[in-house]
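I set out to look up a few local features of one structure and to note each in turn. The sequence and the model are placed here for reference.

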Amino acid sequence: MLMSSHFVFQIGGCVILGVSIYFKVSKNGNVIMDEALPFVDLLIAVGVIIMVLGFLGCCGAIKENRCMLILFFIGLLHIFILLFIAGILGAVGEKNVRRKPSLVESALFPHVNEIMLNQRL
């Protein structure tokens with residue numbers, strides 16, 4: 001049971017890594033994906049980290065290796081702490097962020113710029 005949950009964790013990392021590499025390599029000129037390209041490098045790093053953590057958890061559970069399981073726990077603890085800090089910073093600095101409407105929002109809602117300007121005031 002424990003090994004299967006770690007295996008799902010590792011498969012999720014592989015999926016994130018594969019999709020982000022596809023976005024990085026594809027040059028089809030997709031308008032929606034052009035906005036997300038700066039985050040592709042971050043997604044590649046996250047995919048690799050999740051794959052490594054999944055490997056540590058899976059092998060540590062199979063072999064009952066204490067060192068691998070401790071490294072897995074420390075990695076998950078770091079991720080949790082970073083997510084907690086990001087959530088706090090996002091909640092505190094929410095009003096300082098100026099959000100530019102995406103191309104999809106602009107196409108679907110032509111007056112989205114006026115609405116967003118009125119919300120800031």
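The entries below record what I looked up, by topic.

**Basis.** I worked from a predicted model, in which local features need pLDDT of at least 70, side-chain atom pairs count only at pLDDT 80 or more, and totals for chains, interfaces and linings use all residues. I numbered residues from 1 along each chain as its sequence is written, and side-chain values use heavy atoms, with hydrogens and water left out.

**Helix α3.** I took helices as DSSP runs (H or I, at least four residues), numbered from the N terminus. I found that α3 has 24 residues and reaches 34 Å from its first C-alpha to its last. This is close to the 34 Å expected at 1.5 Å a residue, where the expected span is 1.5 Å times one less than the number of residues. I then looked up burial, where buried means under 20% relative accessible area, exposed over 50%, and partly exposed in between (1.4 Å probe, protein chains only). The buried residues of α3 include Val40, Gly47, Ile50, Leu53 and Cys59.

**Glu64.** Where does Glu64 lie? I located Glu64 in the loop between α3 (40-63) and α4 (66-92). Its phi is near 50°, a positive value in a residue other than glycine. I noted for comparison that most residues other than glycine have a negative phi. Glu64 counts as exposed because its relative accessibility is 68%.

**Ser20.** I found Ser20 in helix α1 (residues 2-25). Ser20 counts as buried because its relative accessibility is 0%. Leaving aside neighbours within four places in sequence, I listed Val40, Leu43 and Ile44 as the contacts of Ser20, contact meaning heavy atoms within 4.5 Å.

**Cysteines.** How many disulfides does the structure hold? I counted zero, a disulfide being a pair of cysteine sulfur atoms within 2.5 Å. The cysteine sulfur closest to that of Cys59 is in Cys58, at 5.7 Å, and is therefore too far for a bond. Cys59 is buried at 17% relative accessibility, whereas Cys14 is partly exposed at 33%.

**Aromatic pair.** I paired rings of Phe, Tyr and Trp (its six-membered ring) if their centres lie within 6.5 Å; planes under 30 degrees apart count as stacked, over 60 as edge-to-face and the rest as tilted. By this rule I counted one aromatic pair. The ring centres of Phe80 and Phe84 are 6.3 Å apart and their planes are at 25°, so the pair is stacked. Phe80 and Phe84 are four residues apart in helix α4, and are therefore separated by about one helical turn. Phe80 is exposed at 54% relative accessibility, and Phe84 is exposed at 52%.

Key: Helices (H or I, at least four residues) and strands (E, at least two) are DSSP runs, numbered from the N terminus.
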